[in-house]
Amino acid sequence: MNLSKYIFNKKFFPEENLISICGVLASLHCHHFNCGLLKALEELNGIDGLGLFIKTTEEVYLQAFSDYLKQHRELKTIADKLQAASEMYYAFGFGELDLSGLNEQGGIAKAISSYYVTAWLAKYGRRHSPVCYFTCGFIAGILESIFNKPKGHYRVKEVECLMTGSDFCKFKVEEI
Amino acid sequence: MAVDAKKIISVYSAGELPRDKKGIIGVFGIYAAYNYNEFFYKIVSRTLTQASKEEAERLESQLYKAVLDCAYYTFHGASASMLWREIVSPMIETPEDEIYALVAFTNVFGIGYLKVIELVPGEKLVTRVHNAYDPGRYLEEYGPQPRGRCYMFRACTASYMDLVYGAPFPKGIGTFKCKEVKCRSMGDKYCEFIATKNLK
């Protein structure tokens with residue numbers, strides 16, 4: 001992975017304890033919180049907490065990656081933009097995500113490592129269902145940004161997951 | 001030797017965090033990831049406003065517990081590390097120094113600057129933050145809130161007391177409870193937290 005080509009500037013402001021990544025405020029959180037939040041949403045009654053989690057991730061990364069592309073107009077090809085998105089995902093600590101199988105109509109994305117799988121195993125142990133809801137929202141958001149589509153244009157489903165014994169996480173992407 | 005908060009912040013905010021060969025950040029016995037503050041604000045605020053009163057209260061309780069786990073284990077992992085022993089331990093002469101050191105360490109995660117206002121050894125800790133992210137966003141999007149929204153700082157404040165004055169790790173978690181008595185989301189100028197013994 002060529003980490004030198006795509007820049008995700010992280011700045012820390014020590015007097016305020018603020019971090020900005022590409023000019024947007026961000027923070028660092030551990031697996032106890034990240035998985036605790038996901039589990040709490042999964043267990044909500046009367047509300048689709050996981051759907052809300054995916055939709056919000058999609059919305060936030062549609063905006064964030066659109067802002068990033070505005071700052072990096074040197075990224076002109078679709079392949080370059082997909083690679084930049086993959087490296088943003090890596091830079092944040094979510095693992096290695098191969099987006100090269102995607103195009104405007106959708107396609108297949110694969111992850112050979114997953115923060116949420118590693119984190120969930122450490123916190124709660126093995127489960128028998130996929131756990132990479134964040135990645136579903138992330139892929140939808142960055143694709144909508146790259147192809148200039150509105151929020152909600154893509155549906156992303158994790159069809160295989162490292163959590164359930166697969167060799168990688170596999171995401172099927174379709175236009176709605 | 002007094003606790004040098006600036007030095008702690010400088011040391012722990014320097015450089016890149018260690019990753020495994022697949023890119024996962026592992027440090028102080030926890031797995032960490034960056035994310036945008038807006039991500040957490042939107043998910044939690046939307047869920048709280050869409051859920052029933054009972055479910056919203058349950059979610060808030062679960063979030064507090066998740067952050068308490070996060071803080072308790074992360075701060076323990078950090079204080080057991082070689083870096084802490086080399087840099088921070090020489091500054092610590094009393095349990096109260098350790099509280100100040102842990103608060104300083106908290107001020108590298110990008111969640112707003114927390115400071116100690118009052119510390120009664122073994123009994124009470126008051127902390128304050130002026131620039132937490134969520135309260136301002138609640139005001140912008142939903143107007144004044146009926147109660148504080150800073151579950152993260154609330155749990156962090158309890159965790160310092162748990163680690164320093166509770167039973168030895170890992171049995172001390174939950175020894176203290178914490179209440180947010182002021183919050184910018186309620187119209188206050190800052191957010192303030194009081195941790196006291198959990199007598200339940």
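Two strands count as paired if DSSP finds at least two bridges between them. The model is a predicted one, and this criterion applies across its chain boundary as well as within a chain. Strand 3 of chain A and strand 2 of chain B, residues 30-36, run antiparallel and are joined by 5 bridges. Within strand 2 of chain B, Y36(B) is the residue that stands opposite A26(A).

Chain A also has a pairing of its own: strand 1 and strand 2 of chain A run antiparallel, with 4 bridges between them. Here K10(A) has I21(A), in strand 2 of chain A, as its bridge partner.

What order do the strands of the open sheet take? The sheet has 5 strands in the order 1(A)-2(A)-3(A)-2(B)-1(B), with antiparallel pairing. Strand 1 (10-13) of chain A and strand 1 (25-27) of chain B stand at the edges; each has a single partner strand, so one side of each is left without a neighbour in the sheet. On average, and with direction ignored, neighbouring strands of this sheet are turned by 40° against each other.

The contact between the chains takes 45 residues from chain A and 44 residues from chain B. On the side of chain A that touches chain B, at least two residues come from each of strand 2 (18-21), strand 3 (24-30), helix 1 (31-42), helix 2 (49-71), helix 3 (78-92) and helix 4 (115-123) of chain A. Helix 1 of chain A gives the largest share, 8 residues. By class, this side of chain A has 27 nonpolar, 16 polar and 2 charged residues.

Among the buried residues are H31(A), F33(A), C35(A), L37(A) and L41(A).

Chain B has 7 helices and 6 strands. Read from the N terminus, its elements run α-β-β-α-α-α-α-β-β-α-α-β-β. Its radius of gyration is 17 Å, close to the 16 Å that the globule rule gives for 200 residues, so chain B is as compact as a globular protein of that length. The C-alpha trace of chain B spans about 50 × 45 × 30 Å along its principal axes. Of the 200 residues in chain B, 48% are buried. Among contacts in chain B with a separation of 6 or more, 58% are between residues 24 or more positions apart.

Terms used
Residues numbered from 1 in each chain as written. Chains lettered and ligands numbered in written order. Predicted model: local features only at pLDDT ≥ 70, side-chain atom pairs only at ≥ 80, totals over all residues. Contact = placed C-beta atoms within 7 Å. Nonpolar A, V, L, I, M, F, W, Y, C, P; charged D, E, K, R; others polar. Buried ≥ 20, exposed ≤ 12 C-beta atoms within 10 Å, placed from the backbone. Rg over C-alpha atoms; globule rule 2.2 N^0.38 Å. Axes fitted to C-alpha atoms, helices over the stretch in contact; angles between N-to-C directions.
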